Amino acid sequence: MYYKFSGFTQKLTGSWASAAYSPQVLKPVTSSEASPLMFATPTKFASETAPYDYAGKNKVPELQKFFQKSDGLPVHLKHGLPDQMLSRTTMALTLGGTIYCLIALSMASQPRNK
């Protein structure tokens, strides 16, 4: 019996000798004409599309100017109050976690009284 890999079930299946020795990729081309359109709207080729095919304005140059201003603030605080709150919350959680770890280490290093 001959076996062939089935792309549908992703397993080996039984097949005839001609199918087993003629993989799907290497079969000869039967027709050279283009296949009919499947959808009502024709497909655009990559060379036919505009360089920017999205709805929106490119904000990168404006953001570059905003973040590269020399106003004495670090980049992670340029957006004002929300950035300050995020930065302070991160610092407080880091400090609290460090203190908690030090307390846990000191408790673990001392023997318990029975």
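# A predicted model, by question and answer

Biologist: How many bridges join β1 to β2?

Modeller: β1 and β2 run antiparallel. Two strands pair if DSSP finds at least two bridges between them. For β1 and β2, the number of bridges is 5.

Biologist: What kind of model is this?

Modeller: Residues are numbered from 1 along each chain as its sequence is written, and side-chain values use heavy atoms, with hydrogens and water left out. Local features need pLDDT of at least 70, side-chain atom pairs count only at pLDDT 80 or more, and totals for chains, interfaces and linings use all residues, this being a predicted model.

Biologist: In what order do the elements of the protein run from the N terminus on?

Modeller: Helices (H or I, at least four residues) and strands (E, at least two) are DSSP runs, numbered from the N terminus. The protein has 3 helices and 2 strands. Their order is β-β-α-α-α.

Biologist: What is the phi of Q10?

Modeller: Q10 is placed in the loop between β1 and β2 (11–15). The hairpin of β1 and β2 has 4 residues between the strands. Q10 is not a glycine, yet its phi is positive, at about 60°.

Biologist: Is Q10 buried or exposed?

Modeller: Buried means under 20% relative accessible area, exposed over 50%, and partly exposed in between (1.4 Å probe, protein chains only). The relative accessibility of Q10 is 52%, so Q10 counts as exposed.

Biologist: Which residue in β2 is the bridge partner of F5?

Modeller: A nonpolar surface patch includes F5, along with M1, Y3 and L12. One of these is also the partner of F5 in β2, namely L12.

Biologist: What is the area of the nonpolar surface patch?

Modeller: Patches are made of residues with over 30% relative accessible area and no salt bridge; like charges are joined within 9 Å, and nonpolar side chains (Val, Leu, Ile, Met, Phe, Trp, Tyr) within 5 Å. M1 lies in the segment before β1 (2–6) and is exposed, with a relative accessible area of 77%. Areas come from the Shrake-Rupley method with a 1.4 Å probe, and for residues only the protein chains shown count as cover. The patch of M1, Y3, F5 and L12 comes to about 540 Å².

Biologist: Which residue forms a salt bridge with E62?

Modeller: A salt bridge is a side-chain nitrogen of Lys or Arg within 4 Å of a carboxyl oxygen of Asp or Glu; the structure holds 2. The closest N and O atoms are 2.8 Å apart, and the partner of E62 is K57.

Biologist: Which residue meets K78 in a salt bridge?

Modeller: K78 is buried, with a relative accessible area of 8%. The N to O distance is 2.8 Å, and the partner is D71.

Biologist: Is the pair of F66 and F67 stacked or edge-to-face?

Modeller: Rings of Phe, Tyr and Trp (its six-membered ring) pair if their centres lie within 6.5 Å; planes under 30 degrees apart count as stacked, over 60 as edge-to-face and the rest as tilted. By this rule there is 1 aromatic pair. The ring centres of F66 and F67 are 5.2 Å apart and the planes stand at 75°, so the pair is edge-to-face.

Biologist: What percentage of the residues in the protein is buried?

Modeller: The protein exposes about 11,400 Å², with carbon and sulfur atoms supplying 64% of it. Among its 114 residues, the buried share is 4%.
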